[in-house]
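User: I am new to this structure. Please walk me through it in short questions and answers.

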Amino acid sequence: METFDPTELPELLKLYYRRLFPYSQYYRWLNYGGVIKNYFQHREFSFTLKDDIYIRYQSFNNQSDLEKEMQKMNPYKIDIGAVYSHRPNQHNTVKLGAFQAQEKELVFDIDMTDYDDVRRCCSSADICPKCWTLMTMAIRIIDRALKEDFGFKHRLWVYSGRRGVHCWVCDESVRKLSSAVRSGIVEYLSLVKGGQDVKKKVHLSEKIHPFIRKSINIIKKYFEEYALVNQDILKNKESWDKILALVPEIIHDELQQGFQKSHNSLQRWEQLKKVASRCQNNIKNDKYGPWLEWEIMLQYCFPRLDINVSKGINHLLKSPFSVHPKTGRISVPIDLQKVDQFDPFTVPTISFICRELDAISINEEEKEENEAESDVKHRTRDYKKTSLAPYVKVFEHFLENLDKSRKGELLKKSDLQKDF
């Protein structure tokens with residue numbers, strides 16, 4: 001993808017919101033079939049405008065109102081909030097305490113900066129192909145648990161546009177969950193605990209939960225190439241001292257000597273596994289447990305969730321199809337069938353798809369000089385002819401599954417109401 005120039009953003013956003021944003025699919029998602037009256041109208045939207053001007057508690061009557069406002073305001077960022085008891089744009093007119101967040105998708109936010117203590121290639125907002133595997137593992141681990149352990153069907157994974165991923169769980173029953181239940185779910189999905197001052201952040205006991213075993217099985221598929229080759233986590237003394245801080249002191253000296261004689265992270269990891277296994281067989285002490293190797297793998301690879309984003313019903317989260325103002329990349333849905341192939345560096349930037357659109361428009365003007373078309377028809381066709389098309393298709397597939405599920409539930413209800 002071409003380099004993005006932030007100074008072009010205001011003009012690019014005008015074109016993007018006028019011609020390329022997939023409004024009909026977007027409205028179809030947040031309206032959830034229109035089966036609940038005022039569901040869309042009571043949804044909060046937040047816009048961040050140029051120069052960090054922040055506008056909360058916006059709401060819209062319908063798709064047309066949303067389109068008009070987005071094209072008028074050209075937001076640099078769009079956040080989606082909860083469905084409230086009253087229209088958010090009227091929240092100041094409601095009696096004190098009456099304006100309450102009632103429903104929202106269960107959301108997860110995974111940010112690469114939370115892995116800075118365990119990745120060697122990048123830090124802060126930077127990412128590269130060597131550390132992106134952390135996001136791949138996170139999606140696989142969390143999505144498996146949401147699907148198999150909790151039975152959630154409708155999960156939309158989205159690239160943030162810069163350094164992380166978001167998940168929107170959209171099942172009807174999930175949208176009604178209380179903050180307490182959301183907290184319980186995110187607690188279940190969290191293993192890495194402790195701030196910067198805590199060296200050992202994962203502690204396992206002999207009774208390993210199936211969730212942890214299944215997560216380890218996923219990590220094992222990536223660990224050698226990701227951690228030992230690409231991250232080279234045992235490359236030198238500075239690196240391996242971090243790992244020695246996670247194992248019992250009685251084997252430090254033996255590992256230090258062995259590591260110095262070994263030539264790379266692969267050899268040192270094999271040595272650590274042998275010494276740890278022998279140590280665990282000799283020490284009858286639950287403090288260390290028999291799972292030393294797993295604790296290290298989990299600390300270096302297990303998903304790190306922003307708990308506050310998930311547990312708060314009224315918490316805002318960046319909208320799919322937003323544009324990241326720093327990278328210019330579109331916040332696109334991720335195809336769960338192709339998680340391993342997803343590459344954030346090939347995600348289209350706003351400048352790239354607008355240039356594609358310009359090229360298409362010039363060609364079509366030459367072919368159809370005398371043909372007039374409506375804006376709606378133009379826009380529908382426009383995104384389909386740019387690099388945004390495959391990502392909108394992933395979104396449409398997600399929406400089709402939501403529709404099928406909703407129709408199935410309505411049929412069940414109608415069958416139950418029949419008198420025989």
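Analyst: One term comes up at once: a nonpolar core is a set of buried Ala, Val, Leu, Ile, Met, Phe, Trp, Tyr and Cys residues joined through side-chain atoms within 4.5 Å. Buried means under 20% relative accessible area, exposed means over 50%, and partly exposed lies in between, with a 1.4 Å probe and protein chains only. This is a predicted model, where local features need pLDDT of at least 70 and side-chain atom pairs count only at pLDDT 80 or more, while totals for chains, interfaces and linings use all residues. Residues are numbered from 1 along each chain as its sequence is written, and side-chain values use heavy atoms, with hydrogens and water left out.

User: How many residues does the largest nonpolar core have?

Analyst: In soluble globular proteins, nonpolar side chains tend to be buried together. Here Y16, W29, F108 and I350 have the most contacts inside the largest core. That core has 125 residues.

User: Which helix gives the most to this core?

Analyst: Helices are DSSP runs of H or I with at least four residues, strands are runs of E with at least two, and both are numbered from the N terminus. The top contributor spans residues 129-149 and gives eleven residues. It is helix α4.

User: How far does α4 reach from its first C-alpha to its last?

Analyst: The helix has 21 residues. The expected span is 1.5 Å times one less than the number of residues. The reach of α4 is close to that expected value, at 30 Å.

User: How many of the residues of α4 are buried?

Analyst: The helix is mostly covered. D143 has its place in α4, and at 10% relative accessibility D143 counts as buried. For α4 as a whole, the buried count is 15 of its 21 residues.

User: Which residues is D143 in contact with, leaving aside its neighbours within four places in sequence?

Analyst: Contact means heavy atoms within 4.5 Å. The contacts of D143 are A138, R155, W157 and L336.

User: Why is strand β5 largely enclosed by the rest of the structure?

Analyst: Both faces of β5 are covered. L106, F108 and I110 are buried on one side, and V107, D109 and D111 on the other. The strand, residues 106-111, is largely enclosed because its buried residues number six of six.

User: Which strand do six bridges join to β5?

Analyst: Two strands pair if DSSP finds at least two bridges between them. The partner covers residues 164-169 and runs antiparallel to β5. In it, V169 stands opposite L106. The partner is β7.

User: Which side chain makes a polar contact with the side chain of H166?

Analyst: A polar contact is a pair of N or O atoms within 3.5 Å; within protein, one must be able to donate a hydrogen and the other to accept it, and residues adjacent in sequence count only if both atoms are side-chain atoms. H166 is placed in β7, and at 6% relative accessibility H166 counts as buried. At 3.4 Å, the polar partner of H166 is D109.

User: How many salt bridges does a search of the whole structure find?

Analyst: A salt bridge is a side-chain nitrogen of Lys or Arg within 4 Å of a carboxyl oxygen of Asp or Glu. One network of them links R28, D403 and R406. The search finds 22.

User: Which residue forms a salt bridge with R355?

Analyst: The closest N and O atoms are 2.9 Å apart. R355 lies in helix α13 and its partner in the segment before α1, so the pair ties together parts that are 347 residues apart in sequence. R355 is partly exposed, with a relative accessible area of 38%. The partner is E8.

User: Is E105, which forms a salt bridge with R43, buried or exposed?

Analyst: The closest N and O atoms of this pair are 2.8 Å apart. R43, at 0% relative accessibility, counts as buried. At 1% relative accessibility, E105 also counts as buried.
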